[in-house]
Amino acid sequence: MLRLIRTLIAFVSGLFRRKLSFPHPEEPKDPLATAENTVLAALLEKWFNGWDVPGEHHDFWRNWPKVLVPSLSYMGNPYPALTWPDRTEIDPKWANPGIIAHESCHVVWPELQEDERTLFGSTYRLASETYPLVALVKAKMLGKDPAWANSPAEIHADCYRYLGQSLPQILKPYYPRLL
């Protein structure tokens with residue numbers, strides 16, 4: 001296990017020397033944003049355009065319920081956004097296209113069949129060893145929280161959030177309504 005971690009660190013260190021970066025870097029929190037001055041429709045359009053969401057799915061996403069919830073928390077912990085089976089809640093300070101991209105994956109993840117979810121996991125592992133940008137997502141997730149990095153739904157969401165249309169072709173079938 002230690003050898004694997006050292007290999008991953010060496011690999012990722014090499015990526016940073018080559019100035020590899022995410023097509024969709026993380027946006028900072030906007031401390032001045034409120035539910036009153038945040039326009040979700042405009043953020044959706046930025047997400048549609050920035051991530052090349054197919055036009056035939058725009059209406060689905062426009063109609064998916066999104067609610068701005070200041071100081072959003074779950075079980076006493078603050079969260080930028082949470083997706084439930086019937087809606088997505090977003091803290092206005094964190095409302096941005098990247099958060100929408102991430103949370104949208106939590107909408108489509110349950111639409112995948114169980115065998116597709118399992119296959120996504122093995123395909124992701126292969127991609128993280130083969131594609132530098134996927135390895136960069138993996139390293140970011142491990143740095144954030146190793147438990148997070150072992151959640152297939154969070155892996156799925158972060159890959160799309162940071163890579164979007166730049167996902168390797170082998171991962172794209174696992175993103176219905178998004179690519």
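1. Cys 159 first. At 0% relative accessibility, Cys 159 counts as buried (buried is under 20% relative accessible area, exposed over 50%, partly exposed in between, with a 1.4 Å probe and protein chains only). The sulfur of Cys 159 is 8.8 Å from the closest cysteine sulfur, that of Cys 105, which is too far for a bond. Cys 105 is also buried, with a relative accessible area of 0%. The structure holds 0 disulfides (a disulfide being a pair of cysteine sulfur atoms within 2.5 Å).

2. Basis of these remarks. This is a predicted model, in which local features need pLDDT of at least 70 and side-chain atom pairs count only at pLDDT 80 or more, while totals for chains, interfaces and linings use all residues. Residues are numbered from 1 along each chain as its sequence is written, and side-chain values use heavy atoms, leaving out hydrogens and water.

3. The core. The largest nonpolar core has 42 residues (such a core is a set of buried Ala, Val, Leu, Ile, Met, Phe, Trp, Tyr and Cys residues joined through side-chain atoms within 4.5 Å). Trp 47, Trp 61, Tyr 160 and Tyr 175 touch the most other members. Five helices, α2 (40-50), α4 (97-108), α5 (114-130), α6 (132-144) and α7 (152-163), each supply at least two residues of this core. The most come from α7, with 7 residues. Helices (H or I, at least four residues) and strands (E, at least two) are DSSP runs, numbered from the N terminus.

4. What does Tyr 175 touch? Leaving aside residues up to four places away in sequence, Tyr 175 touches Cys 105, Phe 120, His 156, Cys 159, Tyr 160 and Leu 167. Contact here means heavy atoms within 4.5 Å.

5. Thr 123 and Ile 170. Thr 123 lies in helix α5. At 12% relative accessibility, Thr 123 counts as buried. Thr 123 touches Ile 170, Leu 171 and Tyr 174, not counting residues up to four places away in sequence. Ile 170 sits in the segment after α7. Ile 170 is partly exposed, at 33% relative accessibility.

6. A surface patch. Leu 126, Tyr 131 and Ile 170 make a nonpolar surface patch of about 240 Å². Patches are made of residues with over 30% relative accessible area and no salt bridge; like charges are joined within 9 Å, nonpolar side chains (Val, Leu, Ile, Met, Phe, Trp, Tyr) within 5 Å. Accessible areas come from the Shrake-Rupley method with a 1.4 Å probe; for residues, only the protein chains shown count as cover.

7. Salt bridges across the chain. The structure holds 9 salt bridges (a side-chain nitrogen of Lys or Arg within 4 Å of a carboxyl oxygen of Asp or Glu). One of them pairs Lys 140 with Glu 26, the closest N and O atoms being 3.4 Å apart. This pair links distant parts of the chain: Lys 140 is in helix α6, and Glu 26 is in the loop between α1 (2-17) and α2, 114 residues apart. Lys 140 is partly exposed at 32%, and Glu 26 is partly exposed at 45%.

8. Asp 158 and Lys 144. Their side chains meet in a salt bridge (3.0 Å, N to O). Asp 158 lies in helix α7 and Lys 144 in helix α6, so the pair ties together parts that are 14 residues apart in sequence. Is Asp 158 buried or exposed? Asp 158 counts as buried, at 2% relative accessibility. Lys 144 is partly exposed, at 41%.

9. A local network. Asp 59 and Arg 62 form a salt bridge (3.4 Å, N to O). Both lie in helix α3 (residues 58-63), 3 residues apart, about one turn of the helix. Glu 45, Asp 59 and Arg 62 are linked in a network of salt bridges.
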